[in-house]
Amino acid sequence: MSTNTNTATEVARPAQYLGFSLAGETYAIELLRIREIIEHVPITRVPGMPPAVLGVINLRGRVVPVVDLAVKMALGPRPITRWTCFVIVEALLDGERTTLGLLADSVSEVIDLGPDDIEPPPAFGTRTPVEYLRGMGRQEQRFILLLDLDRVLSTEELLGLAAAASNEGAGG
């Protein structure tokens with residue numbers, strides 16, 4: 001007996017997201033994209049990187065670039081606290097799976113969201129660029145901004161930040 005209904009049931013199943021705080025907003029990334037969460041460790045700066053790329057960390061002998069999403073989304077710098085951590089994710093950069101660290105103010109919870117709990121991204125009203133959002137997750141009385149990891153961390157985006165920074169420094 002063969003059941004070929006996996007795709008229909010897969011779509012209807014709730015997805016899990018990791019909720020984290022960034023500059024006072026709650027964001028979430030699909031749990032399947034997260035490799036681990038580690039406490040904040042010293043970052044080694046690398047010259048010539050875009051402003052949102054803080055540098056690299058040593059993760060068990062691997063060099064992992066660290067991206068500050070708050071800088072990338074122009075939310076401003078935040079202090080490092082005892083809850084600041086790195087969310088280690090896997091993103092597609094130029095078609096290659098790449099491990100990156102995302103600086104988070106704190107990690108809050110794992111969130112279960114079904115298809116009915118997700119709204120399209122709002123056209124206005126959030127400090128986050130709409131093109132970075134997959135949607136908004138509704139949980140009780142609050143909304144969680146669901147990030148589109150591949151868009152936020154695309155090579156074009158990161159290079160665009162570098163170009164914008166060098167133009168600001170050159171022209172005035």
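**View 1. Thr 99, a buried residue of strand β7.** With a relative accessibility of 13%, Thr 99 counts as buried, a word used here for under 20% relative accessible area, with exposed meaning over 50% and partly exposed in between (1.4 Å probe, protein chains only). Thr 99 belongs to strand β7; helices (H or I, at least four residues) and strands (E, at least two) are DSSP runs, numbered from the N terminus. Please keep in mind that this is a predicted model, where local features need pLDDT of at least 70, side-chain atom pairs count only at pLDDT 80 or more, and totals for chains, interfaces and linings use all residues. Residues are numbered from 1 along each chain as its sequence is written, and side-chain values use heavy atoms, with hydrogens and water left out.

**View 2. The surroundings of Thr 99.** The side chains of Thr 99 and Arg 62 are joined by a polar contact of 3.1 Å (a pair of N or O atoms within 3.5 Å; within protein, one must be able to donate a hydrogen and the other to accept it, and residues adjacent in sequence count only if both atoms are side-chain atoms). Leaving aside residues up to four places away in sequence, Thr 99 touches Arg 62, Val 64, Pro 65, Ile 88 and Val 89, contact meaning heavy atoms within 4.5 Å.

**View 3. The open sheet that includes β7.** Five strands line up in the order β3-β6-β7-β5-β4, with mixed pairing; two strands pair if DSSP finds at least two bridges between them. At the edges are β3 (34-39) and β4 (53-59), each pairing on one side only. Strand β5 (residues 62-67) runs parallel to β7 over two bridges, and Val 66 has Gly 101 in β7 as its bridge partner.

View 4. Six bridges pair β1 with β2 in the antiparallel sense, and Glu 30 in β2 is the bridge partner of Tyr 17. Two residues lie between the strands of this hairpin, and Ala 23 in the turn has a positive phi of about 50°. β2 also pairs with β11, in the parallel sense over two bridges; here Tyr 27 stands opposite Leu 145.

**View 5. Two nonpolar cores.** A nonpolar core is a set of buried Ala, Val, Leu, Ile, Met, Phe, Trp, Tyr and Cys residues joined through side-chain atoms within 4.5 Å. The largest has 30 residues, and Leu 69, Val 89, Leu 102 and Leu 153 make the most contacts inside it. β6 gives the most to this core, with five residues. Another core lies apart from it and has nine residues, including Ile 38, Ile 57, Phe 86 and Ile 88.
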